[in-house]
Amino acid sequence: MPPTSDTGAARATPAPARFANLGDRAWGWGISILGGTILVVAGLVLLELGRVARPAWEGMNVLRFLTSTDWDPVQEKFGALPFVYGTLVTSAVAILVALPVSVGLALFLSEMGPRRLRPPVAYAIEVLAAIPSVIYGLWGLFVLVPWLRGTLEPFLQGTLGFLPIFRGPMIGHGYLAGGLILALMILPTIASVTIEVLKTVPAALREGALALGATRWEAIRMAVLPYARPGILGATLLGLGRALGETMAVTMVIGNSPAISASLFAPGYTLPAVIANEFAEATGDVHIGALASLGLVLFGITLLLNAAARILISAVSRGTRGARA
Amino acid sequence: MNVHQEIAAVKSPPPLSPEVASESRRPRPAPGQEAPAIQPKLTVEHLNAWYGQNHALHDVNLVVPPRSVTAAIGPSGCGKSTFLRCLNRMHELIPGARAEGTLRIDGKDLLGRDVDPVTLRRRVGMVFQRPNPFPTMSIRDNVAAGLKLNRVPGDHAEIVERTLRQAALWDEVKDRLGASALSLSGGQQQRLCIARALAVQPEVLLMDEPASALDPIATAKIEDLIHELKERYTIVIVTHNMQQAGRVSDQTAFFYMGDLVEVGPTEKIFTNPSEKRTEDYVTGKFG
Ligand SMILES: Nc1ncnc2c1ncn2[C@@H]1O[C@H](COP(=O)(O)OP(=O)(O)O)[C@@H](O)[C@H]1O
Ligand SMILES: [Mg+2]
């Protein structure tokens, strides 16, 4: 190997190298400015929210606000807990229902399903993603809620009624309805991201398992899912983000009652729903401030869950790093 | 590498086994191949393979004796991998791919509808071109992966050690069996994959260019390993490296554009081939 080839090549083409360098730098600056802008906008939103929320903070204890269950704007009693609870419970129901279904659908579409059935199912998922949330709300109101009241809730109470979450009066409107609507809405997100994640699993891994005498399902469990796990977690996180912030469909079916109940059948309320419902009619600065504070709480929850999920993903992906090269 | 000089001496046909197959069951030998003295491990008759409309293998006939190494050589795209994949029915995983003809292992049909490919693949193991250990598993779990699939009871420690020794990897990994398989070098990963394939005790080991992604030292280790494995396993190896075929194999099959042009003892293929195309290829006139 000629020892001078490196320096020789570098010396032969100085001008293009410098130009490329300039382009790279301009590009880098442009990207930095765009990225910075996003951060600034997010910061401004937070500041504005804080400014609007401030009147509610006069003489108010943050801890009281977060832990009180009373919400009575007329008497200026503001407790965030029922909304936090409703948001977390509906989102949890949504993830618990949507995650297994989505992963199953994604596996069906990319690994196991009969090839002829795949396109229609893929199309149905796309359609689900495109439906406006108010339509989901209407469907929930006219189809899901009556079905829950008449069929699913009596069934759950009859079979699993010893669990507190399945006790109490069966109204139809409630956490379960909200959670199921959310599940339907986040399912396309989780499923389509999971499909993309499954596509990144190297065929060599799948073949390695199959060549050992694994069945298709065993190959999925042994090679595909472990490799895809961090990506599926990311997909779940995206779905969770949508579930936490979804307003319209949930408010139409959850019953909009600022209460906390152990039963999934009971009516509740979520953070986005109460903000949307009360903002227009809010009278005093304090009421508006309390609603803006709920917005800050929602913001905080989203950030916290994001951070937690990120830590989880990096812990889980430790095993697959390097294999992606 | 002294080992490679010894190889010529080893390159005699495998010893006669007492259980000589009855004359009637013995399959017709392929042209250019001497009649096998013992029952062949694999018999390939009139094998044709297609990818959709692409006729990738034309009427391949070949016999693989037990405990021997058969090398498949030929220019890229000539059908070597396709041939190999048919032998454990991995071709069925590719949409649109199909194979016709007769494939037999120990005289028993292998392509039939009543043969479970999953069971077959436990008898006919495979090692791929690029090392493909399971990245989320430890070294130990990689070796034991096939045992778990077979629901072999026990903690597998003994089998893991035995197969890692067979794969000439034990001394390098015995102190870190719990480490990730990705912490190994490429050559070590490939030997781990060989161990993984050996752990389920296959009868035949298929290797598709197992050393093409490795450096010369790792390649030499794999070649030495093939020599040792030949004592117990029947090996079919694809390589586009003719020196490698010469070093490791007992018989060599030359493929060209989907045809099996010639098959015979490795020495003959490299020194005195019957076909012009074979001679041109092994003397480097094309390919
Ligand atoms: N997965 C596949 N789908 C379609 N055609 C394929 C596929 N794999 C191989 N082929 C075709 O089959 C022929 C033989 O390929 P292959 O067996 O991979 O050759 P080799 O291993 O000798 O390089 C080539 O023409 C190739 O294009
Ligand atoms: Mg190939």
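Which element gives the largest share of the lining of the largest cavity? It is α7(B), with 4 residues.

Before the details, the conventions. This is a predicted model, in which local features need pLDDT of at least 70 and side-chain atom pairs count only at pLDDT 80 or more, while totals for chains, interfaces and linings use all residues. Residues are numbered from 1 along each chain as its sequence is written, chains are lettered from A and ligands numbered from 1 in the order in which they are written, and side-chain values use heavy atoms, with hydrogens and water left out.

I start with the cavity. Searching the whole structure gives 1 cavity of 30 Å³ or more. On a 1 Å grid over the protein atoms alone, a cavity is a set of points where a 1.4 Å probe fits but cannot get out, and lining residues have an atom within 4 Å of a point. The volume of the largest cavity is about 50 Å³, counted as the space filled by probe spheres set on the points, with points joined across faces, edges and corners. Both chains contribute to the lining: A:Gly208, A:Ala211 and A:Leu212 are among the residues from chain A, and B:Met126, B:Phe128, B:Gln190 and B:Arg196 are among those from chain B. At least two lining residues each come from α8 of chain A and from β6 (124-127) and α7 (186-199) of chain B. Helices (H or I, at least four residues) and strands (E, at least two) are DSSP runs, numbered from the N terminus. By class, the cavity lining has 7 nonpolar, 3 polar and 1 charged. Here Ala, Val, Leu, Ile, Met, Phe, Trp, Tyr, Cys and Pro are nonpolar, Asp, Glu, Lys and Arg are charged, and the others, Gly among them, are polar.

Next, the second largest pocket. A pocket is an open set with protein on both sides within 12 Å along at least five of seven lines. This one has a volume of about 400 Å³. Of its 15 lining residues, A:Glu111, A:Arg115, A:Arg206, A:Arg216 and B:Leu93 lie nearest the centre. Here α8(A) gives the largest share, 4 residues. The pocket lining divides into 7 nonpolar, 1 polar and 7 charged.

Last, the domains of chain A. An automatic or database assignment sets the bounds, giving domain 1 (2-58) and domain 2 (63-324). Their contact (heavy atoms within 4.5 Å) takes 8 residues from domain 1 and 10 residues from domain 2. The C-alpha centres of the two domains lie 35 Å apart.
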